[in-house]
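Work through the exercises below with the model open. Try each task before you read its solution.

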Amino acid sequence: MRLILLGPPGAGKGTQSARLEQKYGIPQLSTGDMLRAAVKAGTPIGLQAKAIMDAGGLVSDEIVVGIIGARIQEPDAKNGFILDGFPRTVAQAKALDAMLHERHMELNAVIELVVDDKALLARIENRARETVAAGGTVRADDNPEAFKKRLIAYHELTAPVSEYYKSQGELRTVDGMAPIDDVTAALDALLAA
Ligand code: AMP
């Protein structure tokens, strides 16, 4: 199964992707995680991406399309994958279409987790608090200032991606404000249909 999870930052894409990964035995491909790993490892891509990510902006389409293009060819993605945080621009969505077409692969579902902005800010503040309480390190972009920029980038550049899939009749939506288990159940129901 090849699935795209769309939704604003803090909508629960990571949490739900991890559950779907377990259930369907297909990897969660998070461009955010991959970029953070590149930053940590100090690779050329990481060095280029760090300041943009910390400020809440979007890394170039060229970089993320390159990362995903290579990643979906890995053996563990042979039977499918869950894209989390990609595509984030219409250009990325079109590049993905071209890559899938070229490799004779099809998408099975595009699902958007719908959450309103006010709830998102509260969630991010909570995520930062929980991370500190667990002795972890808070993401550099999980602060109110960078988060507001991430939300602006979402509305300007990523919301049109939902429209793109909607116009193709591919978009499904799930209420991301519901409790986590209810969101999981709604995703399961959509994927079983
Ligand atoms: P995430 O973990 O998905 O919230 O992503 C964290 C940050 O990584 C984003 O705010 C962007 O700076 C960058 N990023 C992740 N995925 C993409 C993407 N598909 N396109 C551009 N930038 C991305």
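## Exercise 1: The ligand site

Find the side chain of R150 and state its distance to the ligand.

Solution. Step one: an N or O atom in the R150 side chain lies 3.4 Å from an oxygen atom of the ligand. Keep in mind that this is a predicted model. Step two: taken alone, the ligand exposes 480 Å², and the protein buries 96% of that area. Step three: locate the site. The ligand sits in the largest pocket.

## Exercise 2: Backbone atoms and the shell

Solution. Start with G57. One of its backbone N or O atoms is 2.5 Å from a ligand oxygen. Then take V59. Here a backbone N or O atom is 3.1 Å from a ligand nitrogen. Now widen the view. There are 16 residues around the ligand, and T31, R36, G57, G85 and Q92 come nearest.

## Exercise 3: The start of the chain

Is M1 buried or exposed, or in between? List its contacts too.

Solution. Second, take its relative accessible area, 24%. Buried needs under 20% and exposed needs over 50%, so M1 is partly exposed. Third, look away from its neighbours within four places in sequence. There M1 contacts Y24, I26, N79, G80, F81, N108 and L191.

## Exercise 4: Two backbone details

Find where the peptide bond from F86 to P87 lies and give its omega. Then give the phi of H104.

Solution. P87 is in the loop between β3 (81–84) and α5 (90–102). The bond from F86 to P87 is cis, with omega near 0°. Move on to H104, in the loop between α5 and β4 (109–114). Its phi is near 55°, a positive value in a residue other than glycine. Now classify H104. Its relative accessible area is 76%, so H104 is exposed.

Terms used: Residues are numbered from 1 along each chain as its sequence is written. This is a predicted model: local features need pLDDT of at least 70, side-chain atom pairs count only at pLDDT 80 or more; totals for chains, interfaces and linings use all residues. Side-chain values use heavy atoms; hydrogens and water are left out. Buried means under 20% relative accessible area, exposed over 50%, partly exposed in between (1.4 Å probe, protein chains only). Contact means heavy atoms within 4.5 Å. A residue is near a molecule or strand if one of its heavy atoms lies within 4 Å of it. A polar contact is a pair of N or O atoms within 3.5 Å; within protein, one must be able to donate a hydrogen and the other to accept it, and residues adjacent in sequence count only if both atoms are side-chain atoms. Accessible areas come from the Shrake-Rupley method with a 1.4 Å probe; for residues, only the protein chains shown count as cover. On a 1 Å grid over the protein atoms alone, a cavity is a set of points where a 1.4 Å probe fits but cannot get out, and a pocket is an open set with protein on both sides within 12 Å along at least five of seven lines; lining residues have an atom within 4 Å of a point. A molecule sits in a cavity or pocket if more than half of its atoms lie within 2 Å of its grid points. Helices (H or I, at least four residues) and strands (E, at least two) are DSSP runs, numbered from the N terminus.
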